Amino acid sequence: MFSPSPSNAHATDPASSGAPAFEDLAQRCLDKCEILSRQSEWKDGILRQYLSLPMKAVHDLASGWMKELGLDVRVDDAGNLIGRRPAMARDRTSGADKAPVLILGSHLDTVPGAGRYDGILGFVMGVELMHALHDHPLPFHVDVVGFSEEEGVRFTQPYLGSHALTGTFDEKWLERRDASGFAMASVIEGFGLTPARIAAAAYPSEEVLGFVEPHIEQGTVLAGNEAPLGVVQAIAGQTRSLVQFRGASAHAGTTPMMPRSDSLVAAAAWIGEVSKQGQAIAGCRATVGYADVTPNVRNVIPERVTLSLDLRHIDDATRRQAVAKLYSIAEGIAKRDRVSFHVMEQQEQSGVAMDDCLRSQLLQSMQACGLPSQELISGAGHDAGIMATRFPAAVLFLRQPRGISHHPDEDVEAVDVAHALRVLHHFLMHVDRETGNRQP
C-alpha cells in the first residue's frame, strides 16, 4: 500500500492549525464514551444489540457530532453509521471524483454487561481525529464507520456490518431470528433500512487505501510491558459452535442412578474436557460460555443440554484439530452416559494477518511520537479481521490498566488515548504525503 518513509514528529501537533490539543481530544473521547454508554437496553448495565432502540439513539447522537465537524453522514442498509470527510486538493478544490478512501472506526454494539470502551472508543477516536485535522486538506476521503454488529449477540452471527462493507454478507442470515422470534430482515426494515440493498453497501476494493481500527487491547500484554499502544500482527481464528447432549427426562426421586440418561452429567464432563484442551495446547483459548438446560427443573433429570463452544488459535489447522478432538471426546462421553451428542451449528473465522505496510506505518508513527514499538497477537475477534479479507487492514491497540473487558470494570487511561490520537494523526499525515505524491 504505502512505502515506509521517515516523518517529522512536529506533524503530529494539530494545535498550530487551530484544532484542540490531543489531551483535550482524548478527554472528549472519554466523555463521548460515557454518553453513549447510557444508551442501553438495560437500566443497570450496558447492552446494545443490533438495530435496537438504543442503537438508534447512538446513531442520532453520533450523527450530530459528525455533522458538527462537517462530515457527510449516512447509514447503509446493514445499519453501519458512516461519516465521510470529503477529499480536498491542495488548492481546496474538491477531490471527490477520483479520490480513494481511508476507513477508520470500530463497532457500536455490545455484549450483555459490557464496558464503556469496547468498540465505541475506536469509533469516537475516529470522530475526534477529524476534529484534529481541522481544515487540513487531504487528497483522499476519510470514512469514520460505526459498525452495526460485531459481537453477534442478537442473531448469533457476528460481523454483520463488516461483512456488508466487504461484500460478503450472506442473504441467508436475513432469515435468522432473535430470542423474541423476530427475523433479521424484519428488524432491518423496522430500522428504516432495506435488506435487498445490503449488497450495495460494499466498498469497491480498488477505491480503498486501507482500514485502521483503534481498539482497547482486552488483555494484559501492553500493561505487562508498560507500553501504551501496540500494533496487531494477526487476529486469531475462531470456531463458534452450539452442541447438544440429549438424554431422557425422568423423576429425580424415583429413577435409579443406574441406568439414567442424564444429559447434564455428560455436558458437565465435556465442559471440563474443553478447559483441559485449552490448557494443553499452547496459544489456545477454549470456552463454554453458554448453557441451556431443559426442562431445568429441580426434581427432574435433564433431558437435554445445549452448550456453546468458543475455541481460538492463531493457527487454523491447530484450531480445527482441537475442535474435532473435542467433538470426538463428546461422542465418547455421550456413549458412556447413555445420551446422544450432536453439533447443532458451527461458524468459523480463519486467522488473518494484518497488512504489513499499514503495520509498518503505525509502528513508524509510534516511534516518531516517542513511543516504544510493540507488536502482539489479538485473541479477540475484530471487524478488521473481516475487512482484511478484502482491504489492507490494521488494528492499533490501546493499553488497559487491568486488562478487563466485556465487563463494567473495563477501563482505559486518558493519556493512552491521547497517545493513540497523536499516532493516528501522524499516520494520516504520512498517508497524505504518500497519496499526494502520486497525484498527477
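1. Because the model is predicted, local features are taken up where pLDDT is at least 70 and side-chain atom pairs count only at pLDDT 80 or more, whereas totals for chains, interfaces and linings use all residues. Residues are numbered from 1 along each chain as its sequence is written, and side-chain values use heavy atoms, with hydrogens and water left out.

2. Strand S10 covers residues 304-313, and 9 of its 10 residues are buried, so this strand is largely enclosed by the rest of the structure. Buried here means under 20% relative accessible area, with a 1.4 Å probe and protein chains only; strands are DSSP runs of E with at least two residues, helices are runs of H or I with at least four, and both are numbered from the N terminus.

3. Strand S7 (residues 237-246) is also mostly covered, with 7 of its 10 residues buried. S7 pairs with S10 in the antiparallel sense over 10 bridges, where two strands pair if DSSP finds at least two bridges between them. Within this pairing, threonine 239 has leucine 311 of S10 as its bridge partner, and glutamine 238 has arginine 312.

4. S7 is also joined to strand S11 (residues 340-349), in an antiparallel arrangement with 9 bridges. Glutamine 238, already named as the partner of arginine 312 in S10, stands opposite glutamine 349 in S11.

5. Turning to the helices, the axes of H7 (residues 263-280) and H8 (residues 316-336) come within 10 Å and cross at roughly 155 degrees. Axes are lines fitted to C-alpha atoms, for helices over the stretch in contact, and angles run from 0 to 180 degrees between N-to-C directions. H7 and H8 are therefore roughly antiparallel to each other, a term that applies to angles over 145 degrees.

6. The contact (heavy atoms within 4.5 Å) involves, among others, Ala266, Trp270 and Glu273 of H7 and Leu326, Ile329 and Arg336 of H8. The residues of this contact divide into 8 nonpolar, 1 polar and 3 charged, where Ala, Val, Leu, Ile, Met, Phe, Trp, Tyr, Cys and Pro count as nonpolar, Asp, Glu, Lys and Arg as charged, and the others, Gly among them, as polar.

Definitions and conventions: Buried < 20%, exposed > 50% of the residue type's maximum accessible area, 1.4 Å probe, protein only. Parallel < 35°, antiparallel > 145°, perpendicular 65-115°, else oblique.
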